[in-house]
Amino acid sequence: QDKGEIAVFTKNKVDPFFEEARVGADVAAKGLGYSTVQYAPTRPNNFQEQIAQVEDAITRKPKGMVFVPVDTKGLKPSVDKVREAGIPIVNFIDMGDGNFNSYVIYDDHKMGADVTRILAEKLGGKGKIVIIEGIKGSATSDNRTAGAQETLKSYPQIQVVAVQAANYQRLQALQVMENLMQQFPEIDGVIAASDNMALGAIEAMESAGHSGTQVVSMDGTIDGVQAVSAGRLLASAEFSGFQMGCTAVEIIDRLTKGEAVPERLELKAEMITRETADKFGQPLERRTCKSLKDLGLAS
Amino acid sequence: MLEESGSEGPVGIGSGIAAPDVGVLSAARADTPRPMMVLNGVSKSFGQMQALSQVDLEIYAGEVHVLLGENGAGKSTLIKTLAGIYAPDAGEILLDGNRLALGGPSDARRAGISVIHQELALVPHLTVEENIVLGREPRFLIPGSIDRRVQRETARRALELVGFDGDPRGKVANLTTARQQLVEIAKALAHRSRILVMDEPTASISERDATNLHAIIGDLKRRGVAIVFISHRMREVFELADRVTILRDGRKILTTLPDATTPELLIKAMVGRTVGSFYQRLERFVAGEVILETRALCSAAGLVDMNIVVRSGEVVGLAGLVGSGRTEFARAVFGLDRRTGGEVLLHQLPLPADPVRAVRSGIAFVPESRKEHGLALTKSVCDNLTLPALWKIFPHGFRSRRRAAGVARGLIERLRIATRSTRQPVRTLSGGNQQKVVIGKWLPIEGNRRLIIIDEPTRGIDVGAKAEILKLVEGLAAEGCGILMISSELPEVVGFCDRVYVLQSGTVRGELSGAHLTEEAIMKLAVHHDS
Amino acid sequence: MTETTEMSAIRTFRSDAGAPLDPELRSIIARFVVLAVLCAGVALLNENFLSVANFTNVLRQASLLFLIAAGATLVIIAGAIDLSVGAILTLSACVAAGVMHATGSSGLGIATALAIGISAGLANGILVAGLRLPPFLVTYGMLWILSGGALYYMGGIPITGFPREFRFLGSGFLLGIPVPILIMIAIALAGSVVLHMTTVGQQMVMMGANRAAATLAGIPVRRNLICVYVASGACAGLAAVVALGRVNSADPGMGDPLLLPSIAAILVGGTSLFGGTGTLLGTALGALLLTIVLNAMNLLTIGSAWQPFATGIVLVGAMLADAFLNRRRS
Amino acid sequence: MIADIARISRLRGSRSLNFLSSKALGASVVLIILVPLFGVFAGGFLSPHNLVNIALQSSILLLIALPMTLVILTEGLDLSSGALLSLCGVVLALLLVAGYSIPVATLAAMAVGLLFGILNGFCVANLGMPPFVVTLGTLGMAQGLALALADGNAVSGLGPEIEAFSAFRFFGLPVLVLIAIAAYGIFHLVLYRTTFGRYVIAVGGNAEALRLSGVSVRLVHGAVFAISGATAGFAALCMIARTNAGHPTIALGMEFDAIAAVVLGGTSFERGNGWLFGTVLGVLAIGVLRNGLNLIGVDTSLQLVAIGALVIAVLLVERLASERSV
Ligand SMILES: Nc1ncnc2c1ncn2[C@@H]1O[C@H](COP(=O)(O)OP(=O)(O)OP(=O)(O)O)[C@@H](O)[C@H]1O
Ligand SMILES: Nc1ncnc2c1ncn2[C@@H]1O[C@H](COP(=O)(O)OP(=O)(O)OP(=O)(O)O)[C@@H](O)[C@H]1O
Ligand SMILES: O[C@@H]1[C@@H](O)[C@H](O)OC[C@H]1O
Ligand SMILES: [Mg+2]
Ligand SMILES: [Mg+2]
């Protein structure tokens, strides 16, 4: 049965994280009888292009839109247009302003805090650490870093020797880490805002024959989970793009049926450690969507 | 090599000529008591090149003052100084007795000096009208905006003066060279000038257009405009000039009245020696077997049915007006332009249109524009001299600097190229020496039945270099090469070539040799009778 | 007068002894001086800078930049430009990663990366030289096509984890020296030999200086142009191998951020965009200069926001310095 | 620089005729082919709403492409305009947040753009540095400044005036479209009705002729870059109106779209040969292509390929049309 089309907007096609989200949305849509059309800017993270894509998508009159904003601010004009056209729109992953019908998110701040706590405990409450941020200004990166820094306040003997951005990119994280290792020969811990960057940093340390540094990060990507199982990464936090995609689509479905939906849906981020790692990181094609009911978020 | 006529320096030559020096005002011009413009001891040098030294000149209202001199004598430099383009190193310019400070071309214009420069100074993508008012656009209400009505009117009047019959609102790029020249003249006339300077305005227009221009000049003269005119055409000089000034090597040799002299004397003063058989070949060689033959060659650049034969040991000339297709013929043979029909045979074998093959089969091509097509100006003398022969000098593909410098040194000595080292950038050489490099780079490719195409070999170079270059070319012919020489200098063509093809509109209009080879015969074939 | 000056000039011409330094040599020396001053400055500010480990580190980072820029340097010297090197790197890396994942063979992976680099270079060369299209726009168009191809091929998911022996090229050591540095040295040497010691290299320089004059001298301009584009593609392919070995992961965004820095490295290295002058050693120094600036910023923990600013300043500064040097000389 | 690459790729002297260069062939062909095609296959493409959409999306690109046309006419290139737009946007947004009025903030942004433009112009005109290098350097500087000023973040919370401004419509046309039309009008007047515009064409066509006519070629060169900078500053206002925030990287890469648009529009890198309205067509061609592909729902990767292929295809068509000699 064809109930129409759902437009899915992501920030780019280069970050695997968004592929998870797209697949999640696809899987959920298929299950509910919708088709999807995918939009991502041709220049990665190009906000201007994303705005144009939203405008263009309105012309196709989709049943709904699920939306990862390239930038959290200043979406209002575009979202207003979507609403004016009577199309329900749900934001997921990165919080954004504007009158979205609903938001599907994780608590980035809390995730940052939780993985930091795991690291701090592992280090016995003391040592030198560095923080590798994602794209400055993105809600995920800023909140995760803030969460980490707040937690560290309760560990006065842990010293943050550097905070550097690597834009969620692996190569950049690798080079940043290489340079930081020169400046600070003894780094005990690394907090990276994403698994991708954590792996770059680990790569740098491993090639330098540098061992003993503990790394934590967030996302729970397939690679990240493997690294946790292998003991290269101390812990990660589940930030499932796949599930957010599923849930966002399910909300659209409810909205088209005229059902009420909560304005803000927060998924719970589980910690991924060596012990729990097997539960996470399945290949995308084997994943299934959890419905709101399964998540205990709806009746 | 050159016979010196006995006299040593410029001064000696000047005094050796039996013509009254009227540089200082004489009774000949009693009706114009005060010169409009006076140059006092004007000097200008470019690096070590002294282009003008201590030149004095007086220009009167209502006269045509012709400047004569060999290439490189400093004529253009002199008028560029007048036009405010070059600031003189020493000396002063007076206008109506007042010292003129020319900060730039616009100052000169404001002072009423208009110049038609030797190189066309038109903007291809602007219209005729727009070009005519360029730099002096009529203002409409606010500064910076253009009154297009006045512009049209100004242009119309100026174009009428020169008898331009084209579309004043068409782009200049779409005009023929002759018409562009008319626009250039109209541009200078458009603004009421007191002094009009023309640098070889008739070099590239037909006889008819030249006559037209002479009429215009007569008209301006009557209105009291002073005209400074540069030309290499002797007949024209005697037709037009009220006074003639001769420059040589940057110095003023003399100023004279045309009635008081003869072309021979003028040339002697210009060149500094008796010219005699200057352009004449020393020996003629027996033409050998055919080297190049084209059969009904047509090209995308506008050639139609060109049939030409060049034999070993022969110097064959291509004559014609600018735009007649001489360069295009060379380009088509060498494989630079797409051929659209006919064939090119080199030693009886078809030659594909490919410059690489052309060079490997022994064709040398000396292009007309050294700077654009002949030289890599920023690179060294050595780099340029070894370029076409790299494959000969280094057959295994590995280059040694020592070896390259050795070859270059040999050529520098053989051609007497004035350079301080093999590593000097060619940019810093004088024009004649640059030209020697352009020709010299073909010498390392040996072989005696080669075809050598030379386009305007002596354009813009000084007397000494010119003779040396022609001697070099002659030497190549003596070795058995076939020479195809394109030249706009008719005396050179007549004196130097064994046989001449005259082109017009991209095709051969006639072939001249022996006693039939005269300047008049060439001109007759070269000019369009329809336009 | 002309006659006499020529005579005296001929008399002074005896040998090349005392002739001015090659402009290229001069520019290299100038860059060494700048590099030394920069290093001294940073060393004063930060004691870790001058360590062997940090230098190895800087060199290794510079080597990637150099590899991308090496072939493109030849293209610019020959009078054209290649804006597609970043995209070539991306596509080569992605497909090579895919091939290695499917076959497990390092050899095939390397061959794939090089083959893609070479084919992309060939396509550029044919479009620019064969069809005489403007290089800037052709390679810009290719940039889009190649990155689109990479995106399509990857389908949004990176490929990670490559065989150990493959990674050796990116992250291994030989005699205590990181392999990428050795590759950089090898390419710089080989390229310099071609450029300065072969007739083909000389032809490239001369066609860059004046393409028309080179054509009229019977230089196979088109063939050479195709060659430099192929070299540029091959270098990007090689850079892809090194990059893959280093980060152990391929994603379709990896080459993008490398394009402008690599062009900056070429220009900072003294290669002229007008063609006809430039050296690979210069490009290596340019890459080193830019890398050191970023390394110093990391060491001094200056925010990454200032990195593009610093790169821009270095670029404009280098050009200004050249402009003033040249002005003073003439 | 491009000019030089173009220069060396043509053997003929400046005398040769360019009689076959039809105006804006590329953009026209693209529009003539694409518009009906999308009309049929992309639902809603020809609806008034979507046409307004295309106009809106093209408006800012046009603001960058217009001065770029002048720069390219003088055989230059401005790679810094995208980064400048971003920087000016950040400045403008910061000033709005600080409580300054829109006109004051816009003027300040334009002043920043102008300053960079003058720097570009000075280096190119007075120091003879290649435009590509200079503007690549200032691109980095502007981008770095933007990131640093905004601390990597978007600057938002600009107040209601800017929203009111961006919501303004006239006869159904959004304010940005009106601005773009007005900007075209101004640039048209400047290029075709003023002495300055004429000198811009002349500099590219025959700088020597202009010099001999007593006009300062340097000044013209410098001025086009200054205009480009100031216009980028003004375009920042439009960008802010559209996005409601100042983003330090928002227009990154836009200069390349602008260059492509100018060239598609028939302005060539040689000899001051150009057509300002062609730039409008070029901008529209890019806008139509992106819009149509989005309407059809073509995947990002294929969109990339399509754009690249379009650029090369247009070059090929033009080469075939102007083929004169081998
Ligand atoms: N801008 C310049 N830089 C260096 N040398 C120059 C420059 N302009 C002219 N010269 C040199 O000054 C001398 C005089 O040149 P000029 O152009 O005045 O000669 P001319 O008499 O006009 O010759 P022609 O009959 O060929 O036009 C020549 O040797 C020339 O090479
Ligand atoms: N400005 C122009 N406008 C139109 N056609 C031109 C122009 N210039 C040259 N041509 C064409 O090119 C061909 C020959 O050009 P060219 O001037 O190179 O010949 P040439 O005899 O070598 O002249 P030159 O004396 O300059 O060497 C002719 O067919 C002519 O119609
Ligand atoms: O890693 C992810 C990053 O790539 C994306 O931009 O934002 C969310 C992050 O978790
Ligand atoms: Mg002259
Ligand atoms: Mg000619």
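Between chain D and chain A, 18 residue pairs are in polar contact, both partners at pLDDT 80 or more. A polar contact is a pair of N or O atoms within 3.5 Å; within protein, one must be able to donate a hydrogen and the other to accept it, and residues adjacent in sequence count only if both atoms are side-chain atoms. Five helices of chain D each supply at least two residues of the side that touches chain A: H3 (48–73), H10 (217–243), H11 (254–264), H12 (276–296) and H13 (300–322). Helices (H or I, at least four residues) and strands (E, at least two) are DSSP runs, numbered from the N terminus.

The model is predicted: local features need pLDDT of at least 70, side-chain atom pairs count only at pLDDT 80 or more, and totals for chains, interfaces and linings use all residues. Residues are numbered from 1 along each chain as its sequence is written, chains are lettered from A and ligands numbered from 1 in the order in which they are written, and side-chain values use heavy atoms, with hydrogens and water left out.

**Chains D and A**

This contact takes 37 residues from chain D and 29 residues from chain A. Contact means heavy atoms within 4.5 Å. By class, the chain D side has 12 nonpolar, 19 polar and 6 charged residues. Here Ala, Val, Leu, Ile, Met, Phe, Trp, Tyr, Cys and Pro count as nonpolar, Asp, Glu, Lys and Arg as charged, and the others, Gly among them, as polar.

There are 4 salt bridges between the two chains. A salt bridge is a side-chain nitrogen of Lys or Arg within 4 Å of a carboxyl oxygen of Asp or Glu. A:Glu55 forms a salt bridge with D:Arg242, and their closest N and O atoms are 2.8 Å apart. D:Arg242 also counts in the buried area: with D:Asn294 and D:Thr300, it supplies 21% of what chain D buries against chain A, more than any other three residues. Buried area is the accessible area (1.4 Å probe) that two parts lose on being put together, summed over both.

**Chains C and D**

Among the 5 pairs of chains that touch, C and D have the most contacts. Here 47 residues of chain C meet 50 residues of chain D.

H6(C) gives the most, with 14 residues. The chain C side divides into 36 nonpolar, 7 polar and 4 charged residues.

The table sets out the area for both interfaces.

| Chains | Buried area | Carbon and sulfur share |
|---|---|---|
| C and D | about 4300 Å² | 82% |
| D and A | about 2600 Å² | 44% |

**Chain B and its magnesium ion**

No contact joins chain A and chain B; their closest C-alpha atoms lie 37 Å apart. Chain B has 19 helices and 22 strands. Of its 531 residues, 59% count as buried. Buried means under 20% relative accessible area, exposed over 50%, partly exposed in between (1.4 Å probe, protein chains only).

B:Thr327 (OG1) and B:Glu368 (OE) coordinate the magnesium ion (ligand 5) at 1.8 to 2.7 Å. B:Thr327 sits in helix H10 (residues 326–334), and B:Glu368 in the loop between strand S18 (363–366) and helix H12 (370–374), 41 residues apart. Donors are N, O and S atoms within 2.8 Å of the metal (3.2 Å for Na, K and Ca); water is not among the atoms, so sites may look incomplete. B:Thr327 is buried, with a relative accessible area of 13%.
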